[in-house]
Every structure is written in C-alpha cells, then in structure tokens.
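Take a look at the complex below.

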4 protein chains.
Amino acid sequence: MIKVTVWNENAHEKEMPEVAKLYPKGIHGAIADFLSPNEDMLVRTATLDSPDQGLPDELLNDTDVLLWWGHARHGQVEDALVDKIVKRVNLENMGFIALHSAHASKPFQRLMGTPTGMLRWREDGDMQRLWVISPGHPIAEGLGDYFEVPQDETYGEMFYIPQPENLVFISWHPGGEVFRSGCCFVRGGRIFYFQPGHETFPVYYQKEVQQVITNAVRWAAPKAPTHKYITGFVKKGVLDKNAEWPPKP
Amino acid sequence: MIKVTVWNENAHEKEMPEVAKLYPKGIHGAIADFLSPNEDMLVRTATLDSPDQGLPDELLNDTDVLLWWGHARHGQVEDALVDKIVKRVNLENMGFIALHSAHASKPFQRLMGTPTGMLRWREDGDMQRLWVISPGHPIAEGLGDYFEVPQDETYGEMFYIPQPENLVFISWHPGGEVFRSGCCFVRGGRIFYFQPGHETFPVYYQKEVQQVITNAVRWAAPKAPTHKYITGFVKKGVLDKNAEWPPKP
Amino acid sequence: MIKVTVWNENAHEKEMPEVAKLYPKGIHGAIADFLSPNEDMLVRTATLDSPDQGLPDELLNDTDVLLWWGHARHGQVEDALVDKIVKRVNLENMGFIALHSAHASKPFQRLMGTPTGMLRWREDGDMQRLWVISPGHPIAEGLGDYFEVPQDETYGEMFYIPQPENLVFISWHPGGEVFRSGCCFVRGGRIFYFQPGHETFPVYYQKEVQQVITNAVRWAAPKAPTHKYITGFVKKGVLDKNAEWPPKP
Amino acid sequence: MIKVTVWNENAHEKEMPEVAKLYPKGIHGAIADFLSPNEDMLVRTATLDSPDQGLPDELLNDTDVLLWWGHARHGQVEDALVDKIVKRVNLENMGFIALHSAHASKPFQRLMGTPTGMLRWREDGDMQRLWVISPGHPIAEGLGDYFEVPQDETYGEMFYIPQPENLVFISWHPGGEVFRSGCCFVRGGRIFYFQPGHETFPVYYQKEVQQVITNAVRWAAPKAPTHKYITGFVKKGVLDKNAEWPPKP
C-alpha cells in the first residue's frame, strides 16, 4: 500500500472563480479523485491553510509519496516544514512529485540546490506535445510516442535544474519553445518533476496526465525499507562484524 | 509474472569436478532454485550446449529478464544470437543481468560499447565487502550498510564501463582493490552488472547474494509494455493527429 | 596542438551535382576550412575512397579528435577499421564527433551500444531552433540562449541513444518534433553527437554551427595523456608498490 | 587567466600548535603556494576571520574558481554569503572546489541539496589509496592507475551526495571502508569534491594531491562566458528574432 499525500496551496481555488469552477474540490481533490481508485494506494490530501500547513509530523512521517502543487504562496511555506520534507526525501526515501509551478516551490528548490524557479513562461493557453524520450521507463507506461495537452501554460528552457538522472519527456510548444517536462532525480528517495497543470485549464482531468501521475506515484514509492542512516566515528577492523554502532561514548 | 531465463555456459560444471560438486545442478540450476519460489516469477534455464545455444526465438522472445553467466566460452556464443539479445534489450525493453565473469561476455560488451572484458583480477579466495552506495535503490532492498562475501575471486578497477546511471555497490577487497560491483544501466530495457560469483566458491548459495539477484530481477523487469519502435519518414504537421504512421509508400 | 582528422564518405559530393556545387571541396573540406585557422589545431581530412578508407594506422594513431560525416556508405566501412576507431576512443582517449547522419554510422553505433540509426526524419528543408540546455558547457561557448539553422533536414525523437552524460542542445522543429541535437558521452575519450548538417543545405558555412564544432573539437581533445591501460592478474598486497606489472608468467 | 580564490576558515591553524607548525601560512597559504606558480592562474586567499568573512563582493564577483576548506566553523559562515556563492556557481558559472571536511560546509550542502555532512569517519592516520576510475578525465591528468596518501583521516560511505556526473576517484582504506573521493558535479558552474586533507597531516604538500587540485582548478574554470540568465514572460513567435527581451511592461 503506497501512502500518498497530495498537498496543494489551495489559493487560486479560493480566489479565482474560474479556478473554483474548474476544480470545485481543489486541484488536490481532483488528483486524489483519480488516484484513490487504485487499490495499491491510500490517498490523503493536505492544504496550506490547514493546521501545521497541512503536514503535521504524524502525516508527513506516514507519507510514502508527497505530491506538491504550489504557485502563489511559495513564500508562506515555513522553512521548518521544508527542512522536514527534505530530510524525509533525502534520508528516509520518501518520494516527492513536483507539479507544474511547484518548480519554484521551496522543497523542490532545496532538493535540487539550483534556482529552479527560473524558466521562460507565457500563459497563452497553447497546446503542448510531450515526447517520450525514455520509452522503457515506468513513468511512460501506457503512453504512445507522445501525447498532447490541448491547452496549458507554456514553459520554456533554460530550466535551471541539475541534469536529471532520467529525462522522460521533452515538450514541444508551438511558440518555438522546448522544455524538459518530465524529469527524474534520485536522492535517497525519488523525485519527479512534471510540467503540465496550469490552474486555469482542465489538465488534471486528462487521461494521459492522470496516467503519468499514477505511474509516477508508483515509481517514486520507496523501494527499499527505510534505510537506517548512520554517521559518526567508526571502529576500525575489516572483519569485526561485532563493532558497536553507534559507538558508546 | 516476470518471465526469467537463467543462461549459463555450463562448462566449468562439466569439466571441473570441484565445480560439479559445488553446483550439482549447474550455476543456472542454483540460481533458478532460489528464484523459482517467488510467486511473481516464472523461471526457466538455458545452457550453451543446448540447441540454438539455449535460446531459440520462442524462448528469447518470451523472456522478460535474461540472466547471463559465462566465463570460458564467450567466444562460442554466436553473433547472430548476440544481435537478437541486444535488440531485445534496446528495443523491446528486456532486462539483462550480467553475473560475475559475464563482464566479458559478448552481449554485455555489445550493450556497453566499451571493452568491459578489461579489469584487474586475482583468484585468491579473499573476502569482499560490498558497500551500499544507493540505500534507497530497489536492488538494495533488505540489505544493511554493507554485506560481505566470505570467499570469491577479486576484481579491481579500472573496469571499462560507461558511467552507470546508478551505482549501487562498491566493493572493498583486502588486497587493496576497489570495484564498482553493482552497476545499473538504462537503455530501452534495464541492465545490471553484479560482480560476485566465481565458480569455485558457494557464492550463489549466500542469502545476501540471492537477495540482490532477486531484487535485480524485479528491478530489470520491463516496466512499460513493449514500446512499438518506429522510425522513418514523418509527415509534417503540428496538430495533424491523423497523419498515417508509418506512411504509405 | 590538437590533431584533428575530418573524415567524410564523400559520396554525395561526387554523385549529386547540387551537393558538389554547394560543397566544392567536399563537406570535409568545408569543415577543415573553418577549423584550420585555429592556431591550436592541426587539421587533416580523410575520405572513404582513399587507401585504407582514409585512415591508415599512422593517421588514426596520430589523431586526437576524429570528426565523422557519413550517410549513404555506412555499410562500406570495414569492421576492422571500426574496431580500431572504437579502441582509440575507449582506451586511448581519442575524441569522436559524429555529425548529422553519422548517427547511423558504424563507429557511433558501436560506441553507444544502441540502435542509434533509428529516429524520425523528413527532408522538408525546415528551420530548426537549437536551445542551449547547458549554458555553462564549453560546447555552448559564444552562443546565446538558442540559435537557428534556417534550413536543414528535420530529425525527431525517439533517438535510441544511452542517456547522454551532458545534453547541450535540444532542437525545436516547426513540424512538431523535438530532438536531442547536442549530446556528450564520456567513455575513455569524449564523444559528441551534433545533429545539423544535411548535405543539400549550406549548414557548415553557418557561423554558429562552425562555433559549435570548433568548441566541440576543443572539448573532445584528450585531456589526460594516454592512459596505459592494463589488465590481468594482480599481486595481492596493500602497500606493495613494487609489485611487477604485468606479472611475469 | 583563471582567477582563483582559496578560502579557509583558518581556525585550527590558530588554535592547534601542531597544525600551526605543519601549515605556518595556513592551509590556504599552502594551497596558494603550489597554485601560484602556474602562469594561467591568479591566486588570492581569503579567510573567515577577515572583513566580509573574506569574500567581499568585489572579490567574489572577480573569482573564477573558489576553493573551500572548512571544518570547525561551518556554522559561522553567514547565510547571505552562502546565497551569493551558490548564485555565482549556479547562474554565473563560477567553479567551486570543496576540500576534505568542506563536505559539511554550507555552500556545498546547499549546492548539492542533500545532507552531505553525513558520512563515516575516523582519525587514525591510516593511509588511503585513491583509484582512478575515469582515466581520461582532465582531473586525472598526470596520475597513474592510483596514488596513495600515506596518512590522513579516513572517510567511509555512505556519503549522502547526488550521484556525481563523473566519479573520478574511489578511495580504498585499510580499515575496510571505500569512499567516493573525487566527485564532479555540473550545475551552471562546475563543482568538485576532493576528499584528502585532514589538518594534522601534510597532505597538501604531496605532489599527487597538488596535481589533482591544480587539474581541478583548470577543469572547474568557467568554460563559457557568463551566460546572461534570463527568465520571465516570453513573447510568442517562432521566427520573430526581433522580439524584445526582456519585454517592456
């Protein structure tokens, strides 16, 4: 059972009537709706305007894969929460999926170490075509050579990310831009960035987008039981399997 | 159900009494014995001395993950068979696991494009300690920070491989060598090289080695339905979803 | 001084009048013409129709960076020559630059281990825009955020290469395709694939294309004196610096 | 001319008589002494106890490659300075070389996005053998298959870094540890981590160590003129080369 938490800043839904109409349950609710029927997933949602910004320790520590949608409230997310998320990913193998404008979110920027908030964009509602560059990758399961999102915000390179361990999608935009729109990073846990999903278009209701996110949750789920991370002084001795760990002071 | 085929050149078992005694069913048989009880695997074996060198098209095309053990008969494997294996991996997403001296096998060398047969070695029967460098990786599932093989052939760098997409293990040898002993490569299918397993030691009976190979089979199993690879002339047209493919002559 | 050899199959130039008119000295000659003025380069050319297919051992072994243009005669290149080129790259750190349709050349396919001949293409003479994805990379020196080739053959994904160690360019094509058009691979030596350069367009006379190829030659030049590759049995002993190598039989 | 700045927290030198004796000019002075004779380098030093923690904007903005040695004062480095360093690397292509215990420094941790402070260690003064894993890499220039540091602090995996774009060295330690001791990362600028250099041993006086650091400075020097990073709204238009950038409000 993969324990999935879908986090959303939930701001546009409350402030922009057209977004409220498009996503009456919020973007988080729309994502939870298509993930929940999967029998291998337990799906919960969390929003910035809840206590503990939606992620009390009990929930965060019980989350296998955290999805993150944010846009207008990145700055409000508390650094202490970001610290916890980053630690969960780096040391406890939690998966993290950054959606669309979460490229500029604090957790994603911290995990990457680069100014991932920087890229080109325009809100013309153009289509985009996402080409599959890694046809054998689990995140590409069930897709053809490419798929198209009929209307979305356009993102364009240069996207300031470290080179992904695997690049799954490259997007083609009619305005002349390209974008690395599906990027896998491996730290302790697994991180996926997926570009589609502007709040004013029904992107998360599209079958292929739902397929990719569903695939990504399964890919990002922790694959090894939580590694008990250790550090500190070590006792020397090639074959001394009985060395105490951690050493007593 | 993962369809696993364990291929072995099966030469030492027939020519060296101590190997025959250690592996009465052959190395392939020993590996099949610990894989078969897994309910998600259908395990078959194949040997060089069988018709079609053990891999008639019906079997190869029905194999999801091919394990390969070879040492003294690399040169006898027919190039036409190597071509088929390489195509299965590159274009049809079959997994390939090269064990121990299969570093110098034809399929592995062809898939890597480098002289992977080159490395340091000595047959002293020393222990080796395999450190886990990617603790969140599925192939490290169930292991601690490291495990040790009590006696094995020693391999040492420089190992002429492309840089692995993920390095899972680095081995420490008491003679002063290190070795990249668990290497993941992603092409269309997934490739894993795993260093332990000299024919004169009971390596494949060791619990941790069996765990790694079992994990590797699951990791290497095709994750996306076979991609229908296509190529050739394309019709121009941004939004022409009805373009014929492949184009009629 | 970087010793550069520009190899060309030189077939279209002899068989197609419009190519002969466009490249009166051959594509190899056009490339040599813009590389030669660089004071840090010694540039020579070689063609398939010369003795030893243009690359006698004296020349190949004296080459630091080999550029390769081929299209219609891939099959005529002898396997023994390919073996030598691949060895020079893998073990003696020679640089190799595959230009345009050399994606399907024997040396490039062998070095990659994948069916690099496969990709989409069409010969419409469309423009392409090459986006710089690695702005700090030496191959991007002197370029802006992107540059455009006014007319060229269009290539499109899926391009069956291993994931590049560095992806420098992604191309945007007006017909809806994207392509990884500048790809760096590191083996012993360095390998660069660069997509522009169909024989019927004056691509190699374009300033930006010349800049990229010039940069790539400098990047691909061997950076460490030829490594004396060794292999074989090793003597055990952590601190025995006097161990003979290779060991006497 | 590569403008090199060697930064050192310069604490042990002032507080520990044996370190002061070993490095009378400080570790920064010892490093500057062997780098300065290179005609292609302009070398300056900086220490934590200077104004602006040694790195006023005039110096930082005039630095091509920043070397960093820190151990006991990581916490004192101001976040505002770290921000500037990280920006210089990510967006302005400055090189950054983290030496020894700088694995736990603020700039390196921020650039990596992982808890790089975590690893095994012991201060036994054991030797270490550094194996060259990338023999063609410029940082390995002039080295053999391996070299040894006679006495140093031992570091051991698991080292919590993202997988390096290139792994140049793996260290073997007699106590049974291995360590990725020479790691290349590419962001906008180039980052190198190099493990040797405990303050109580004369490591920086060793010829091979000096060779590696000298090579690393040349490798890390910006290879493309500072990229003018841009972001923001874009005007649509495939072929509109005259689009204003940045757009006027």
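In this predicted model, Gly95(A), Ile97(A) and Leu99(A) point one way from β4(A). Phe96(A) and Ala98(A) point the other way. In a regular strand the side chains alternate between the two faces of the sheet. Both sets are buried here. The strand, residues 95-99 of chain A, is mostly covered, with five of its five residues buried.

What joins β4(A) to β3(A)? Five bridges do, and the two strands run parallel. β3(A) spans residues 65-69. One of its residues, Trp69(A), has Leu99(A) as its bridge partner in β4(A).

Now move to chain C. Its helix α5 covers residues 79-92 and reaches 19 Å from first C-alpha to last, close to the 20 Å expected. The buried residues of α5(C) include Ile85(C), Val89(C) and Leu91(C). Those buried residues pack against several elements of chain C, among them β3, β4 and β9. Just after the helix, Asn93(C) takes a positive phi of about 65°.

Helix α7(C), residues 207-220, has 14 residues and reaches 20 Å. Among its buried residues are Val212(C), Ile213(C) and Trp219(C).

Finally, confidence. The complex has an ipTM of 0.91 and a pTM of 0.94 from the predictor. Chain A has a mean pLDDT of 90, and 90% of its residues reach 70 or more. Over residues 235-249 of chain A, pLDDT stays under 50.

How values were computed
Residues numbered from 1 in each chain as written. Chains lettered and ligands numbered in written order. Predicted model: local features only at pLDDT ≥ 70, side-chain atom pairs only at ≥ 80, totals over all residues. Helix = DSSP H or I, 4+ residues; strand = E, 2+ residues; numbered from the N terminus. Expected span 1.5 Å × (residues − 1). Buried ≥ 20, exposed ≤ 12 C-beta atoms within 10 Å, placed from the backbone. Contact = placed C-beta atoms within 7 Å. pLDDT = per-residue confidence, 0-100. Pairing = 2+ DSSP bridges.
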